[in-house]
Amino acid sequence: MGEISVVGCGYVGLTVAVCMAHLGHNVVAADVDRERVEMLNRGQVPMFEARLDELLDEGLRSGRLRFVDDPQLAVTSARFHFMCVPTPQDVDGSADLSRLEAAIDDLADLFPLRSVVITKSTVPVGTADQLRSRLSRTDIAVVSCPEFLREGTAIHDFLGPDRIVIGALDDPTAQSVAELFAELDCPILTMTNRSAEAVKYGANAFLATKLSFINSMARICESVGADIQDVARGMAGDERIGGKFLAPGPGWGGSCFPKDVSALSHLAQAAGSPAPLLNAVLDANHSQLDHIASKALQAVGPTALDAHGQRDVVVGVWGLTFKAGTSDRRDSPAIAVIHRLLRAGVTVQAFDPTVSCGMDEAPEVRVTSDPYEAAAGADVLVVLTEWDDFTEIDLDKTAEVMNQPRMIDARNLFARDDAETAGFSYAGVGR
Ligand code: UDX
């Protein structure tokens, strides 16, 4: 099996490293964060991700996987190099490639002869071409192999993908990368680098569009007296639409969608083909976050601001992560709604199964380790993440500890009847 290096051990890099070792390859993975590398070599996972600990342990025990804190050490014995460094959003909305470019500059002379450099990070269309000229090495191939994994199901998605997309200049190079995934049973789609790079943006922007659409539809349902759950069910019956990604919510977030939709919009503008739809998708998402915060405030009714700009209102929040099944709060819609509530001058107390202390991004929020404590004395309870755990909570007891038992269920997690039987005045999204 091939020798593989992985540069960057974040969500994507770590998943690639443990899964490639699981598929039988020898993998050396590098990250500049020494503490993270030491943890990983001890078999400790730095994030909450299903099966990651199991595969990390398997890789370390088999001797096929090891971590180093210097990317230069990782690449010298490998032929295939997965570049998995972050490509965050720059101030103007475009993708910031400085980490990727710095990594390529550092490693250019060290990649062994006839290496294959594979970009896994999401990168703007044209990046592979830029990396080729940056490398100035005609013996090295640059392949684009975008990653489609979802947080929370990253290992499952990597080992059971719907498809693998490989962008390369020539077929033999594409085939050599395809062989790395030979154990996986899925279609492998080969194309040019530029097309492969565009697939990733297209897929994420399309999914975000679907979500902004269903959230807009939910708003319409609220105004005309329809129920979005039934409407989505009816829409999903059309195979062309499909049933996935039709759950309305407080808005979408996470480490990918917001930055990728912004980056694609920026790319479109820069290429002279502005895409107003993408801006509408982003605007609709901001509007949904505003809407959920307003719903919570409206449920409480009119209240006065004191001399310090505060209101005598307590909002209890269940859910802080950007979705269930992850401890990640990056670009979390829950935090975005909370910021809107704080700006309105209310007190926020919150519970999330993965958060045990105060949060830097919203230090004013009192984080509790108990869902009833987050609801205690609250004038309204807002459910912002779709954790199944919340459905196990005793709603009678929750209603009893609140100042006023009102619930804004921004994930339609609870049945209206159950909430009302427990004494809540209940409002979901789009129903
Ligand atoms: C996403 C893409 O799904 C994945 O293919 C890509 O590689 C990375 O970005 P991820 O960020 O892990 O994955 O989250 P995802 O499960 O797609 O959810 C994104 C957001 O949409 C979350 O805030 C989630 O709560 C929201 N969402 C998702 C909904 O509001 N309703 C849905 O029906 C599905």
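This is a predicted model: local features need pLDDT of at least 70, side-chain atom pairs count only at pLDDT 80 or more; totals for chains, interfaces and linings use all residues.
Local features were considered at pLDDT of at least 70 and side-chain atom pairs at pLDDT 80 or more, whereas totals for chains, interfaces and linings use all residues. Residues are numbered from 1 along each chain as its sequence is written, and side-chain values rest on heavy atoms, with hydrogens and water left out.

An open sheet of 6 strands has the order β11-β10-β9-β12-β13-β14, with parallel pairing. Helices (H or I, at least four residues) and strands (E, at least two) are DSSP runs numbered from the N terminus, and two strands are said to pair if DSSP finds at least two bridges between them. Strands β11 (366-368) and β14 stand at the edges and have a single partner strand each, so one side of each is left without a neighbour in the sheet. On average, and with direction ignored, neighbouring strands of this sheet are turned by 20° against each other, where axes are lines fitted to C-alpha atoms, for helices over the stretch in contact, and angles run from 0 to 180 degrees between N-to-C directions.

Within this sheet, strand β9 (residues 314-318) pairs with β12 in the parallel sense over 4 bridges, and Val315 stands opposite Val380 in β12. Strand β12 (residues 380-383) is in turn joined to β13 by 3 bridges, again with the strands running parallel, and here Val383 stands opposite Asp409 in β13. The chain passes from β12 to β13 through helix α15 (residues 395-401) in a right-handed β-α-β crossover; a crossover is right-handed if, with the strands pointing away from the viewer, the path from the first strand over the helix to the second runs clockwise. Strand β13 also pairs in the parallel sense with strand β14 (residues 425-427), over 3 bridges, and Met407 stands opposite Tyr426 in β14.

Strand β7 is joined by 4 bridges to strand β8 (residues 188-191), and the two run parallel, with Thr190 in β8 as the bridge partner of Ile166. Together with helix α8 (residues 171-180), β7 and β8 make a right-handed β-α-β unit.

A polar backbone atom of Phe148 is 2.7 Å from an oxygen atom of the ligand, and a backbone N or O atom of Ala247 lies 2.8 Å from a ligand nitrogen atom. For Gly253, a backbone N or O atom lies 3.1 Å from an oxygen atom of the ligand. The protein covers 91% of the 670 Å² of accessible area that the ligand has on its own, as calculated by the Shrake-Rupley method with a 1.4 Å probe.

Asn204 is placed in helix α9 and is buried, with a relative accessible area of 9%. The side chain of Asn204 makes a polar contact with the side chain of Asp260 at 2.7 Å; such a contact is a pair of N or O atoms within 3.5 Å, where within protein one must be able to donate a hydrogen and the other to accept it, and residues adjacent in sequence count only if both atoms are side-chain atoms.

Most residues other than glycine have a negative phi. Arg51, in the loop between α2 (34-41) and α3 (52-62), has a positive phi near 70° and is partly exposed, with a relative accessible area of 38%. Arg114, in the loop between α5 (98-107) and β5 (116-119), has a positive phi of about 55° and counts as exposed at 55% relative accessibility.

Notes: Buried means under 20% relative accessible area, exposed over 50%, partly exposed in between (1.4 Å probe, protein chains only).
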